[in-house]
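Please find below a note for a colleague who is meeting this structure for the first time. The points follow the helix packing, the domains and the ligand shell in turn.

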Amino acid sequence: MGRLDGKVALITGAGKGIGEGCARVFAAEGAVVVIADIDAENGARVAAAIGEGGGRAIYQHTDVTRAASIREAIETTVTREGHLDILLNNAGTHIPKGAEALSEDEWDFLLTLNLKSAFLTTKYALPALRASRGVIINMSSLVGLVGQANSVAYCASKGGLIAMTKALALDHAGDGIRVNCILPAGVRTPLLQHWLDQQPDPAATQREVDGWHPLGWTASPEEIGRAALFLASADASFVTGVALPVDGGTSLGY
Ligand SMILES: NC(=O)c1ccc[n+]([C@@H]2O[C@H](COP(=O)([O-])OP(=O)(O)OC[C@H]3O[C@@H](n4cnc5c(N)ncnc54)[C@H](O)[C@@H]3O)[C@@H](O)[C@H]2O)c1
């Protein structure tokens, strides 16, 4: 008996990293998972791995920077599966630049990918989520609360996600839709590895990143996935509008 038996979950950016971790955890708990990612190769890889493990996942090619693509992903899911219960807005990236180095185009790109995308998925998923009394989870970041050096657009996008989560939670509580967001600190993903590889001494920086977390390690994608599972499941039936740090204690002294 899985905690998400009978549920359909659409996860953006589930082709690797945190989204993949969430997809694996959700599928293991019985959800049908729609992997909405721009990366066809990795999306198909994750869907196949979940299938081989006895779960059910479908890759749906999606570019979350394009409204038409989001709309198609949601309509295809609802038509094929009959309902949509969980929307996990996870796709996102980081451009590590301060205000002078960041171009206007880079700002627009990052805010579109990290923030506007979650508005658009929500907008188009709301009729189905209203029908299922469903759940929305937004993947923000601890830096959306506490800030991060050389990350002006990233922090703006993640802070925006926190505020949007609370606004949506209020607007749709009456529909029975819960809206929450997760604030990870460091998570061992290809995105983090890419950033580490740009540092002068990646191994030393990895040890430094581990040390940011009082618990002493950098989270695995599945550790974030299990927090998302709680928010997605009936265990969180009275939890809405929350920005949940899943950060190994980092926010206690970032
Ligand atoms: N890794 C961390 O330490 C960390 C910490 C806090 C928050 N986050 C957030 O978690 C989320 C996932 O991060 P990650 O580290 O797993 O990243 P990642 O780069 O490892 O994976 C991101 C996924 O999003 C997909 N994607 C990118 N652009 C897309 C688009 N236009 N349409 C659809 N899919 C697209 C990629 O193909 C990839 O599969 C992001 O929103 C990130 O900001 C990450």
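**Notes on helix packing, domains and the ligand shell**

1. The angle between α1 and helix α9 (residues 221–232) is about 55°, and their axes lie 7 Å apart. Axes are lines fitted to C-alpha atoms, for helices over the stretch in contact, and angles run from 0 to 180 degrees between N-to-C directions. Helices (H or I, at least four residues) and strands (E, at least two) are DSSP runs, numbered from the N terminus.

2. The model is a predicted one: local features need pLDDT of at least 70, side-chain atom pairs count only at pLDDT 80 or more, and totals for chains, interfaces and linings use all residues. Residue numbers start from 1 along each chain as its sequence is written.

3. The crossing of α1 and α9 is right-handed (a crossing is left-handed if the near helix is turned anticlockwise from the far one by less than a right angle, and right-handed if clockwise). On the α1 side the contact includes G17, I18, E20 and G21, and on the α9 side it includes P221, E222, I224 and G225. Two residues are in contact if their C-beta atoms, placed from the backbone, lie within 7 Å. By class, this contact of α1 with α9 has 9 nonpolar, 3 polar and 4 charged residues. Ala, Val, Leu, Ile, Met, Phe, Trp, Tyr, Cys and Pro count as nonpolar, Asp, Glu, Lys and Arg as charged, and the others, Gly among them, as polar.

4. Helix α3 (residues 67–81) packs against helix α4 (residues 104–132) at an angle of about 25°, with the axes 9 Å apart. The pair is therefore roughly parallel. α3 contributes A67, I70, R71, I74 and V78, which meet L120, T121, Y124, A125 and A128 of α4. The contact of α3 with α4 has 8 nonpolar, 1 polar and 1 charged residues.

5. α4 also packs with helix α6 (residues 152–172), at an angle of about 15° and with axes 9 Å apart. That angle makes α4 roughly parallel to α6. The crossing of these two helices is right-handed. Among the α4 residues that meet α6 are E106, W107 and L110, while the α6 residues include A153, Y154 and A156. In the contact of α4 with α6 there are 12 nonpolar, 4 polar and 2 charged residues.

6. The chain is assigned domain 1 (8–184 + 222–240) and domain 2 (188–218); such bounds come from an automatic or database domain assignment. Taken over C-alpha atoms, the centres of domain 1 and domain 2 are 24 Å apart. Contact between them involves 6 residues of domain 1 and 4 residues of domain 2. The domain 1 side of this contact has 2 nonpolar, 3 polar and 1 charged residues.

7. Which residues are closest to the ligand? They are G13, G17, G92, T189 and L191, within a shell of 29 residues (a residue is near a molecule if its C-beta atom, placed from the backbone, lies within 6 Å of it). α1 (17–28) and α7 (190–197) are the elements that each give two or more residues to the shell. The shell has 11 nonpolar, 14 polar and 4 charged residues. Both domain 1 and domain 2 supply at least three residues to the shell.

Key
Parallel < 35°, antiparallel > 145°, perpendicular 65-115°, else oblique.
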